[in-house]
Amino acid sequence: GAKAGAKSAAPAPAPAAASGISADFLAQALAGVSGGAPQQQQRVMITPIDEVARSEDLTTFFQEHPEAAQELLEHLPDGQQDLQSLIDTLSSPQLYRSYRSLTMALMGENFNAVMANCVL
């Protein structure tokens, strides 16, 4: 009798353990965000924006998300509001230079200022 009751009174696992995220993991992640000393196993890989905005990737993205293409097409000049013009514009050399500049700004000390200017 008494042993059966003792077994059912065992504490439930903490929600963090159930989700696979420990308090230590969260503390380390926050330390990295707040400028704490980085640790070797937490190396963050940065993907530059210009590597994401390649024309073949944009084509696939807009085929899978036509609503995104439609929203952007409205901002192109009259006579150029088609998918190929959108992809050509987003993958132009001029915009690639801007992508690189934005990537550098986001990786530097201006991250918060850039995000604030983008209202993000």
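1. Two rings of Phe, Tyr or Trp count as an aromatic pair if their centres lie within 6.5 Å, and a pair whose planes are over 60 degrees apart counts as edge-to-face. With that in mind, a search of the whole structure, which is a predicted model, finds 2 aromatic pairs. One of them joins Phe61 and Phe62, whose rings sit 5.4 Å apart from centre to centre with 70° between their planes, so that the pair is classed as edge-to-face.

2. Are the two partners of this pair buried or exposed? Phe62 is buried, because its relative accessible area of 5% falls under the 20% limit, whereas Phe61, at 38% relative accessibility, counts as partly exposed.

3. As for the overall fold, the protein chain has 9 helices and 0 strands, and from the N terminus on its elements accordingly run α-α-α-α-α-α-α-α-α. Among the contacts between residues at least 6 apart in sequence, 44% join residues that are at least 24 apart.

4. Although Glu51 and Arg100 are separated by 49 residues in sequence, their C-alpha atoms are 9.2 Å apart in space.

5. The accessible surface of the chain comes to about 9500 Å², of which 59% belongs to carbon and sulfur atoms.

Terms used:
Residues numbered from 1 in each chain as written. Predicted model: local features only at pLDDT ≥ 70, side-chain atom pairs only at ≥ 80, totals over all residues. Heavy atoms only, no water. Phe/Tyr/Trp six-rings, centres within 6.5 Å; stacked < 30°, edge-to-face > 60°. Buried < 20%, exposed > 50% of the residue type's maximum accessible area, 1.4 Å probe, protein only. Helix = DSSP H or I, 4+ residues; strand = E, 2+ residues; numbered from the N terminus. Contact = heavy atoms within 4.5 Å. Areas by Shrake-Rupley, 256 points an atom, 1.4 Å probe, with all protein chains shown as cover.
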